[in-house]
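Me: I am new to this structure and would like a close look at a single part of it. Please keep the account plain.

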Amino acid sequence: GVPVSNRHRPHTGGTVGFLVETLVLRTDLRADPGFAALVERVREACLEDFAHQDLPLQAVVQAVNPPRLPGVQPLYQAMLVFQALPALREAAGDVLLTGQAVPLPVARADLTLELDQGRDDGAIAGWLEYREGLVDEQVAQAIAIALPVLLQAALAQPSLPLSVLPLQRPADARRGLDALHPAPLGERIES
């Protein structure tokens, strides 16, 4: 799922409040595409789905009528949130007001990746939110560590199939292999 602001209509532009709808995106990973091909597929899916952003998620759920489980989103389990707003800084006399992220009491999806490009240096900060009891903390940490490795490799070689993109740096992979299969004393080979 991807949140959209729903402020493209003239009558909602000046409305104060939180007007967000969730779009459900499908992505075709058949034929093991390269990263560049995947980005193009996702771009096309987004453009197609943004044309229908006025349709409330609940109406889509009713039309599709998927099997329902309590506490589980019916059409998506992962969410991507990308914020590109400038950092909030306002002065009121001697008082400086700044925006701060407020943690939610429950996860919005099973796994949410939130990215924020509102920093002064233009860097993108990110964090993972996950549903406790469904996603293990160690799994979430492994995803957070693997994502930058995967993205660096994908950007360096965008035509590589997704299945061969690394999820670990070579030194980390080597340490993991050594821990699983330690060489007998005197046979250890340093690389």
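In what order do the 3 strands of the open sheet stand, and what is their pairing?

Reply: This is a predicted model, in which local features need pLDDT of at least 70 and side-chain atom pairs count only at pLDDT 80 or more, while totals for chains, interfaces and linings use all residues. Residues are numbered from 1 along each chain as its sequence is written, and side-chain values use heavy atoms, with hydrogens and water left out.

The order is β3-β6-β7, and the pairing is mixed. Strands here are DSSP runs of E with at least two residues, helices runs of H or I with at least four, both numbered from the N terminus; two strands pair if DSSP finds at least two bridges between them. β3 (78-83) and β7 (125-130) are the edge strands, each with a single partner, so one side of each has no neighbour in the sheet. On average, neighbouring strands are turned by 15° against each other, direction ignored.

β3 and β6 pair in the parallel sense over 6 bridges; F82 has L115 of β6 as its bridge partner. Helix α3 packs on the sheet, touching β6 and β7, and its direction makes about 155° with that of β7. Such angles run from 0 to 180 degrees between N-to-C directions, with axes fitted to C-alpha atoms, for helices over the stretch in contact.

Strand β6 (residues 111-116) also holds E114. Beyond its neighbours within four places in sequence, E114 is in contact (heavy atoms within 4.5 Å) with V81, Q83, R108, A125, G126 and W127.
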